[in-house]
Amino acid sequence: RGAALGAGVRAAAARLAALAEDLTAGRRGRRRAGEEAVAAGPVAPVRALRLPVARVQTGYLLVHTNGGLNQMRAGISDMVAVARILKATLIIPELDKKSFWLDKSNFSDVFDEEHFIRYLANDVKVEKNLPKELVKAPKSVRYFKSWSGVDYYQNEISPLWEHRQVIRAAKSDSRLANNFLPPDIQKLRCRTFFQALRFAPPIEALGNLLVERMKSFGPYIALHLRYEKDMLAFSGCTYGLSDTESEELAMIRGNTTYWKVKDIDPLEQRSHGHCPLTPKEVGMFLSALGYPSSTPVYIAAGEIYGGESHMVDLQSRFPILMNKEKLASAEELRPFSQYASQMAALDYIVSVESDVFIPSYSGNMARAVAGHRRFHGHRKTISPDRKALVHLFDKVDSGLLDEGKRLSQKIIEMHQKRQGSPRKRKGPVSGTRGSDRFRSEEAFYENPLPDCLCQSNDNSIVNI
């Protein structure tokens, strides 16, 4: 079966290789326009609402992003909006090179820099570098307050221009509130995140080719399987792992200074739904939802912790289990393989374009893809109820519940309203206070309804 599958992949690759250049150009053109993908679903394209850049530029905003690919994308989008609020010239952001992945990529390695500057020209002035005379000039370095509104930037940050021509944002993530911002600022955040931050042409080209190769197997599921070493170490989730593996993860967590929580009860984490589903649990979930074993599944992830030993159960249920390493040749992947953000961008493209997207954990990648799919017509995105699922799976393991019709009915019923249908963004969890209140809100980029998507007279959804 494995040999036949490999031959099928190679045959599909051979058939599509000759079309790759035309395919890439065509898809890139559609992405630039932002219309064809939108028109295919319940979203109708409309002219983007843009306001002219303020004539008086008060200074320059430097940004140091932090985190992985999608944490940085959200931070950059927030900083574009902040630059607008401050009437600042934004300098192309510096990507995080010191986080867990130690990715040395620059902005232009990951994103289409010229498109970014050109696309935002009517909203924010963006330049590649500071003027030479300001490179060594004193700068105001600030950690902008998390989840802040317009008043904070106008009243507390804007006065800094009186003393310095350059303000440097030491971190970029979660620096703007999710809610209660002016409509033009919210729409600018959407345009930046979903349209201005297009990936660099080489990434787009290979990502689009992977999509076509995946589609050659039929309609496919993109599974963001967050069963990677960094995620398991950070969360303390060791269910299903060996003692040796659990000890290794505990050591990583203990040695990573900026991970504040060191002692974690893995069983308590799992019972509260705070752990990513294991590959075995994902297989049970897909089967219970009614997907046949012939369904192609794309694994959007880095290296799975424990390798094939933890993938056996999922592979046995869904043998057409693919990833970028199976769909692309080593030569095709070589320019990207040493850069975590660029490899993640390939997975992102394949996930956004999938027929169904399912994340095993609600992290930055899952939220970003879910929001992007909403922006392009509320494409089907199934969000597993992990807390309820592990309760059911424990019953199966203990013999109190059999896999079959009864389990399937329970799982289908609990996920009827968790498939990406239009709904307004969720506010804070009742009873939370202070910063926890903002943390508990649904992330803006996960669900931009109603700020960037609105209900039209014919009850369809349009983006603005």
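Trainee: How many disulfides does a search of the whole structure find?

Mentor: The search finds two disulfides, a disulfide being a pair of cysteine sulfur atoms within 2.5 Å. Please note that this is a predicted model, in which local features need pLDDT of at least 70 and side-chain atom pairs count only at pLDDT 80 or more, while totals for chains, interfaces and linings use all residues. Residues are numbered from 1 along each chain as its sequence is written, and side-chain values use heavy atoms, with hydrogens and water left out.

Trainee: Which cysteine is joined to cysteine 190?

Mentor: Its partner is cysteine 452, with an S to S distance of 2.1 Å. Cysteine 190 is in helix H8 (residues 183-196) and cysteine 452 in the loop between helix H21 (434-439) and strand E11 (453-455), so this pair links distant parts of the chain, 262 residues apart. Helices (H or I, at least four residues) and strands (E, at least two) are DSSP runs, numbered from the N terminus.

Trainee: Why is that disulfide right-handed?

Mentor: It is right-handed because the torsion about the S-S bond of cysteine 190 and cysteine 452 is about 95°.

Trainee: Is cysteine 190 buried or exposed?

Mentor: Cysteine 190 counts as buried because its relative accessibility is 0%. Buried means under 20% relative accessible area, exposed over 50%, and partly exposed in between (1.4 Å probe, protein chains only). Cysteine 452 is also at 0% and therefore buried.

Trainee: And what is the handedness of the link between cysteine 237 and cysteine 275?

Mentor: That link is left-handed, with -90° about the S-S bond. The sulfur atoms of cysteine 237 and cysteine 275 are 2.0 Å apart, and both residues are buried.

Trainee: What is the pairing if the bonded cysteines are numbered in sequence order?

Mentor: The pairing is 1-4, 2-3.

Trainee: Changing topic, how many salt bridges does the structure hold?

Mentor: The structure holds 20 salt bridges, each being a side-chain nitrogen of Lys or Arg within 4 Å of a carboxyl oxygen of Asp or Glu. One of them joins aspartate 123 to arginine 191, the closest N and O atoms being 2.8 Å apart. Aspartate 123 is in the loop between H6 and E4, and arginine 191 is in helix H8, 68 residues apart.

Trainee: Are aspartate 123 and arginine 191 buried or exposed?

Mentor: Both are buried.

Trainee: What does aspartate 394 pair with?

Mentor: Aspartate 394 forms a salt bridge with arginine 270, with 2.9 Å between the closest N and O atoms. Aspartate 394 lies in helix H19 (residues 386-398) and arginine 270 in helix H12, so the pair ties together parts 124 residues apart in sequence. Aspartate 394 is partly exposed, at 34% relative accessible area, whereas arginine 270 is buried at 7%.

Trainee: Where is aspartate 173, then?

Mentor: Aspartate 173 is found in the loop between strand E6 (166-169) and H8. Its side chain makes a polar contact of 3.0 Å with the side chain of asparagine 66. A polar contact is a pair of N or O atoms within 3.5 Å; within protein, one must be able to donate a hydrogen and the other to accept it, and residues adjacent in sequence count only if both atoms are side-chain atoms. The side chains of aspartate 173 and glutamine 71 are also joined by a polar contact of 3.0 Å.
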